[in-house]
Amino acid sequence: MRIIKTFEEFTGSLQEDAIEAGEDSKVIVDDVTLDSGKEIKSTEILGAIMSSKSEKEFKEYFYEAYGNTAFTEEDIFTLVKFFNDYREEQAQKEKEAEKEAEKEAEGGEEDPLAGL
């Protein structure tokens, strides 16, 4: 028999306050505590970042989950900053991958013994 946890059970079992957005990521996502006392776990925030295609969709997720009046401007700013930092890092990785692909298409790596 398989035991399947709900998202809340899964995130509740994690004891970390902050997580990295990936193995080689420099973006760290922290838990966010709202004025009402509710805490949004970093795993939920990261999940929303990964599954959202736009900032608007990202914000809508949290407004639907917690209500429009649950967030102060600072709370939303913090959440959006996590989203934008992650997207910026992903864009940089894509640019670096494109440059490497172009370099390989032009003839690969230079011969280290060419100057001898």
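Helix α2 passes helix α3 in a right-handed crossing, a crossing being right-handed if the near helix is turned clockwise from the far one by less than a right angle, and left-handed if anticlockwise. The contact (heavy atoms within 4.5 Å) is made by Glu44, Ile45, Ala48, Ile49 and Ser51 of α2 and by Glu57, Phe58, Tyr61, Phe62 and Tyr66 of α3. By class, seven of these residues are nonpolar, one is polar and two are charged; Ala, Val, Leu, Ile, Met, Phe, Trp, Tyr, Cys and Pro count as nonpolar, Asp, Glu, Lys and Arg as charged, and the others, Gly among them, as polar.

The structure is a predicted model, in which local features need a pLDDT of at least 70, side-chain atom pairs count only at pLDDT 80 or more, and totals for chains, interfaces and linings use all residues. Residues are numbered from 1 along each chain as its sequence is written, and side-chain values use heavy atoms, with hydrogens and water left out. The average pLDDT (the predictor's confidence in each residue, from 0 to 100) of the protein is 81, and 73% of the residues score at least 70. Helices are DSSP runs of H or I with at least four residues, numbered from the N terminus.

Helix α3 also packs against helix α4 (residues 73–105), at an angle of about 135 degrees and with the axes 11 Å apart. Axes are lines fitted to C-alpha atoms, for helices over the stretch in contact, and angles run from 0 to 180 degrees between N-to-C directions. The contact is made by Glu55, Phe58, Lys59, Phe62 and Tyr63 of α3 and by Ile76, Leu79, Val80, Phe83 and Asn84 of α4.

Helix α2 (residues 42–51) packs against α4 as well, at an angle of about 50 degrees, with the axes 10 Å apart. On the α2 side, Ile45, Ile49 and Met50 take part in the contact, and on the α4 side Leu79, Phe82, Phe83, Tyr86 and Arg87. Seven residues of this contact are nonpolar, none is polar and one is charged.

The structure holds seven aromatic pairs, defined as rings of Phe, Tyr and Trp (its six-membered ring) with centres within 6.5 Å; planes under 30 degrees apart count as stacked, over 60 as edge-to-face and the rest as tilted. Phe58 and Phe83 form a stacked pair, 5.0 Å centre to centre with 25 degrees between the planes. Phe58 lies in α3 and Phe83 in α4, so the pair ties together parts that are 25 residues apart in sequence.

Technical notes:
Helix = DSSP H or I, 4+ residues; strand = E, 2+ residues; numbered from the N terminus.
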